[in-house]
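Here is a brief report on one protein structure. Look at the model first, then read on.

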Amino acid sequence: MTISQPPRSGILHEDPGPRAVPQLLDATREFAATFAATASLRDTARTIPSEELNALSEAGVLAATVPTSHGGPAGGATAAFEITRLLATADPSIAQIPQSHFVYLRLAELAGSPTLREEIFAEVLNGARIANAQSERGGATITDIRTRVAIAGPQATVDGEKFYSTGSLLADWLAVLARDADGADHIAFVRSDAPGVTIVDDWTGMGQRTTASGTVRLEGVRLPVTHLAPRAEAVTGPHGYGAFAQGLHAAIDAGLARGALTEAAQFVQTSSRPWFEAGVDRADEDPLLVQRFGELEVEVRAAEASLIAAAVAADATTSLQTDESAAEASLAVATAKVLADRAAISVTNALFELGGTRASDERLNLHRHWRNARTHTLHDPVRWKLQHLGRWTVRGEHPPRGPQL
Amino acid sequence: MTITVQEALSSSPWAGKDRPATPSGWLERASDVAGILATDAVERDRAQAVPTAEVQLLKDAGLVTLLGPVEHGGAGETWETAYQVIREIASGDGSIGQLIGYHYLWAWAVRLVGTPEQIAAVEELYTTQNLFFGGAVNPRDNDLTIREDGDELVYNGHKSFSTGSKVSDLTVLEGVLEGTDKHIFAIVPSQQDGITFHDDWDNLGQRLTESGSVSITDVRIPWAAAAGYVDKELQELTYGTLNLPTIQLIFANFYLGIAKGGLKAGTAYARENTRAWPYGGDNKESAHEEWYLLEGYGRLQSQLWAAEALADAAGGEISGLLHAEREALTAEQRGHAAVRIAAVKQLATDVALEAGTKIYELTGARASRNSVGLDIFWRNARTHTLHDPVAYKRREVGEYALLGRVPQPTWYT
């Protein structure tokens, strides 16, 4: 596939040109309003949001982080977190699909060969999408990797099987984690239509049902070695890579919390009956209900504010790459993650308490918020974020650098 | 009752009245005492005088011999009742709740480790004479040293905390016999030349507990009085390890008493003084019509009741073990009681700290005047809840929930 052969997501722009970040955010807000209206239907029918993702790609939203050196708007963490959060307010499944897209763009920027960077950034500016193929079934922990890459001269061959490959069903590129004969890990940028690649739609999660997370099988998949990016330095160097990746997850939870709170407020305004003891005519005038909304608003705003702080700290690592700046990015993101996790779980539970019994009507599908929050917040254990924060606070220890922080 | 401790001592409010004969009667008695203590708890706390009068009040009320054998004039009540009495007393004055709680444990120490002969002698002594116990057994200090001198044991050393000992008649000591790993408990008269109280307890809260440090210099007991030793060998029972869950539940109960006292004082203040907020847009004539205040008190009261219910359940459980035949106790029974008590301890800690701070939010800025004295509840709760880290109690409950393991006996479990 080259630029002249459009990726599956299609190229609709005559001259796409990089759009500035504020315009991209405006566009994302408009998309979010549209996507919100159909989120419940997609969840119920488990419809993969391919049109929605295509629309985002076409508008250049998913090219927001392409560096200026390659003709992009270089929106960094600030743009990527906010785009993700805005999408999650409407449909957190849609928001999660580009998570690995943004992450592996960042990895290509940090560790990709010049050839790979040229190719990937140009294609992404034209609407191409990347999905991850990282996790593997079985193994003692998630670091136990059995997918192998064999390197022979200018060619490499990848064999293995991945699951939980979010977005893979809608991707043009797969970023495959594979280990070479010497035990070094690479990210192999594999085209999703390359011979030997099979993607199976088998994600059956309780929530985040339409994230297009499938199983990816790789059987003798060939690629040029220039499409292999060494993983170790990018992930463990002081580049804020893990903080960036994790911040996107926090953005999903923060957006999800806001979306659920907005829907709770709408429900109370339009559908709830006032409780008789309140002595008011409308449910939204019930003082105790209003009080509860106030408490939840604080939780969501705290998550949102910490997400902005996290984006600022993560972006600081692009200009200043030190142990300190990387640690600060990780700690700021860990904070955002904890607050977003709490806000998401808290609001999606309270939604029912606020709406009353009728909020549990199956036809409303309001429980998708809790299912989504409960599913996505399990991505990686939030208790470890608290450990890293605590170790820094009490012992001055920097958090370990890795893909999750 | 709105009389002070001093007035109660001179007017003998219980003279001529029938002695309570039921648990509820004793709780009523404890409630009377709590009312007297609450009257000037803040003033007494500030003055930090030696709580001799308070201890006398407990004696006069008959509460000191609540667990004492009936044949010697004790009430013969159970630990289940004792725990509720501790909570009630602490609702009037957290310090005095701690003193009576520790007294009950020390008075029971002879049952935990002593021989049947020692139990009979000690219980007769303290019950007939209405004696009050203190102790100097802080496990994080070095042990007292014990030297053998013929038929006597001689205790020496220093302890950082000796709650109640200064105002007590009898003190429980613990030490290690030189050249051995034998831990030996003994009960000795508190007022003797060999015991020097350093009067250095000047802490944030629980200020009337006389928990200062103490030096022990050549305090002698006959070998025969070494608790639980027969022919210089300890007759060890699993029952002896009940001391820790027993005292942990004492802690939890006086924390809950402190929370109850705080809620009582806060609501009393609010009824009289708290003014409605005039800028809310939903203005009320009086603060106690404000929804949010009512909700806040409702939340605190609910948390308190829930913790009290668990405390009572755990109290019933360990009370059953404490009053059963000593030899019958299994490690499993002890463990199940301990894990439930660990759960009560953390809930009680949370609710006491929450009540101590939240009452301010619900009463308003003027309630922070020193003359109101609402700070006594948070100070008391904050001070004693530092006794041992509550996170470890959660861990114990977690090990039980996850792995079905009961906590093993330690100096804090």
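Predicted model: local features only at pLDDT ≥ 70, side-chain atom pairs only at ≥ 80, totals over all residues.

In total, the structure holds eight cavities of 30 Å³ or more.

What lines the largest cavity? Its lining includes A:Ala39, A:Arg42 and A:Asp43. A:Asp91 and A:Ser93 also take part. So do A:Gln208, A:Arg209 and A:Thr210. A:Arg368 and A:Asn372 belong to the lining as well. Two elements of chain A, α1 (21–45) and α10 (367–376), each give two or more residues to this lining. The most comes from α1(A), with three residues.

| Class | Residues in the lining |
|---|---|
| Nonpolar | one residue |
| Polar | four residues |

Now turn to helix α9 of chain A. The helix covers residues 323–355, 33 residues in all. From its first C-alpha to its last, α9(A) reaches 47 Å. That is close to the 48 Å expected at 1.5 Å a residue.

Where is the kink in α9(A) centred? The kink is centred on A:Asn349 and amounts to about 25 degrees.

Is α9(A) largely enclosed or largely open? Buried here means under 20% relative accessible area. Of the 33 residues of α9(A), 24 are buried, so the helix is largely enclosed by the rest of the structure.

Just after α9(A) comes A:Gly356. A:Gly356 takes a positive phi of about 90 degrees.

Notes
Residues numbered from 1 in each chain as written. Chains lettered and ligands numbered in written order. Heavy atoms only, no water. 1 Å grid on protein atoms, 1.4 Å probe; cavity = no way out; pocket = protein on both sides within 12 Å on 5 of 7 lines; lining within 4 Å. Points joined across faces, edges and corners; volume = space filled by probe spheres on them. Helix = DSSP H or I, 4+ residues; strand = E, 2+ residues; numbered from the N terminus. Nonpolar A, V, L, I, M, F, W, Y, C, P; charged D, E, K, R; others polar. Expected span 1.5 Å × (residues − 1). Bend = angle between axes of the 7 residues up to and from the residue. Buried < 20%, exposed > 50% of the residue type's maximum accessible area, 1.4 Å probe, protein only.
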